[in-house]
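Biologist: I would like to learn how to read a model of this kind feature by feature, with the general idea first and the particular case after it. Could we go through the one shown here?

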Amino acid sequence: MRRLIALLAVLTVFFAACGNDDGDSTEETAPESTAAGEEPTPAATPAAVEEPVAIEDIDLDVPEPAPQTEPTPGPQAEPTPILVSTAEPLDRPQPVDLSNPAFSSSDKLSTVGLGSLYFGMSPEEAAEAIPTVWTGGAEDSTPRCYLLAPANGPEGLVFTVYNSSIERVDITNPAISTRSGASVGSTEAQLQELFGERLVVSPRADGSGNSIQFVPVDEGDADYRVIWETDSTSVTSMRAGRLPAVAPTEPCN
C-alpha cells in the first residue's frame, strides 16, 4: 500500500511540473519510477512443467496366453481279464493211483512195447498211458541213456531211456509174457515151437547159455527185436525194444 501511495505522489508532481507546454503532443509518457530503493518486482518464472510419461494402454480384456505344458500321456489300458465260468468244476490234475500195479499178466510184450507203453514214448507220455510214477532217472554222467522203473511195480521191470525216449524194457518177472506166451521160465524148445525159423540163436562166448532173437519179417518192424537170454535150457531174462538200444546184454552198454 505504501508503495502505491508513493507512486501516486510522484505522478502528481510530474504532471504538475510538465503541464501541456508543447501543445502538439497528444500523448503523455509516464516516466519511469525513480524512487530510491524501489526495484521492479521480477516476474515470476513459470515452473517447468514435466511432460507426462506416455503410458501404453493395456487392454485388460485380452487374456494372457496359457503357459505351454507337455501333454500328459493317458494311462495305458489294462488287459481285460478273461472270465472263467465256475458253472463246471475246473479240470485239475488228479494224483496218480499207485494202489494197482502198473503192469500185470494181462499186459503182453511185443516188438513194439509192453501193454499200453510203446517204444518211442517219452517218460512223461508213458507215465500218463500206464499210469505210474517213475523211480530212477538221469545222472549227470548218463544224460543220454538211463534206467526207469514203475513205482507201483511189479518187480522185475526196468525201462531204458535212450536219447529222451523209452527204447527198451528188461524183464525178469515170469508173470509177464509175450503175445505168444513165451516168458521167463520158458524152455528153448518152446521158443523153437512158437517162432521157428524167425529165431536167431547166438551162443555166449563164455558158454553159459544163448541169446535168442526174434527178428520180425515186416519191413516196418525191421529195427525191433525180442531177445531171450537162456542158460542153454530155459529163459532167465528177456527184453524187447529198438536197435541200437536193445542189442547189448546190459542196458546202456
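Modeller: Let us settle one term before anything else: helices (H or I, at least four residues) and strands (E, at least two) are DSSP runs, numbered from the N terminus. This is a predicted model, in which local features need pLDDT of at least 70 and side-chain atom pairs count only at pLDDT 80 or more, while totals for chains, interfaces and linings use all residues. Residues are numbered from 1 along each chain as its sequence is written, and side-chain values use heavy atoms, with hydrogens and water left out.

Biologist: Where is the cis peptide bond with omega of about -15°?

Modeller: That bond joins Ile-130 and Pro-131, and Pro-131 belongs to the loop between helix 2 (123-129) and strand 4 (134-136). A cis bond also leads from Leu-243 to Pro-244, with omega near 5°; Pro-244 is in the segment after strand 11 (235-242).

Biologist: How should I read strand pairing, and what is the order of the open sheet of three strands?

Modeller: Strands of a sheet pair through backbone hydrogen bonds, either parallel or antiparallel. Here two strands are taken to pair if DSSP finds at least two bridges between them. The open sheet has the order 1-2-3 with antiparallel pairing. Strand 1 (109-110) and strand 3 (117-118) stand at its edges with a single partner strand each, so one side of each has no neighbour in the sheet. Elsewhere, strand 4 runs antiparallel to strand 5 (residues 145-150) and is joined to it by three bridges, with Thr-135 and Ala-149 as bridge partners. Strand 5 and strand 6 are antiparallel too, joined by four bridges, and they form a hairpin with six residues between them, where Gly-153 in the turn has a positive phi of about 70°.

Biologist: What links Arg-242 and Glu-167?

Modeller: Side chains of opposite charge can pair when their charged atoms come close. The term salt bridge is used for a side-chain nitrogen of Lys or Arg within 4 Å of a carboxyl oxygen of Asp or Glu. Arg-242 and Glu-167 form such a bridge at 2.7 Å, N to O. The pair links distant parts of the chain, 75 residues apart, with Arg-242 in strand 11 and Glu-167 in strand 7. Arg-242 is partly exposed at 25%, whereas Glu-167 is buried at 7%.

Biologist: Which residues are linked in a network of salt bridges?

Modeller: The network consists of Arg-204, Glu-229 and Arg-239. Within it, the closest N and O atoms of Glu-229 and Arg-204 are 2.6 Å apart. Glu-229 is buried at 4% relative accessibility, and Arg-204 is partly exposed at 24%.

Note on methods:
Buried < 20%, exposed > 50% of the residue type's maximum accessible area, 1.4 Å probe, protein only.
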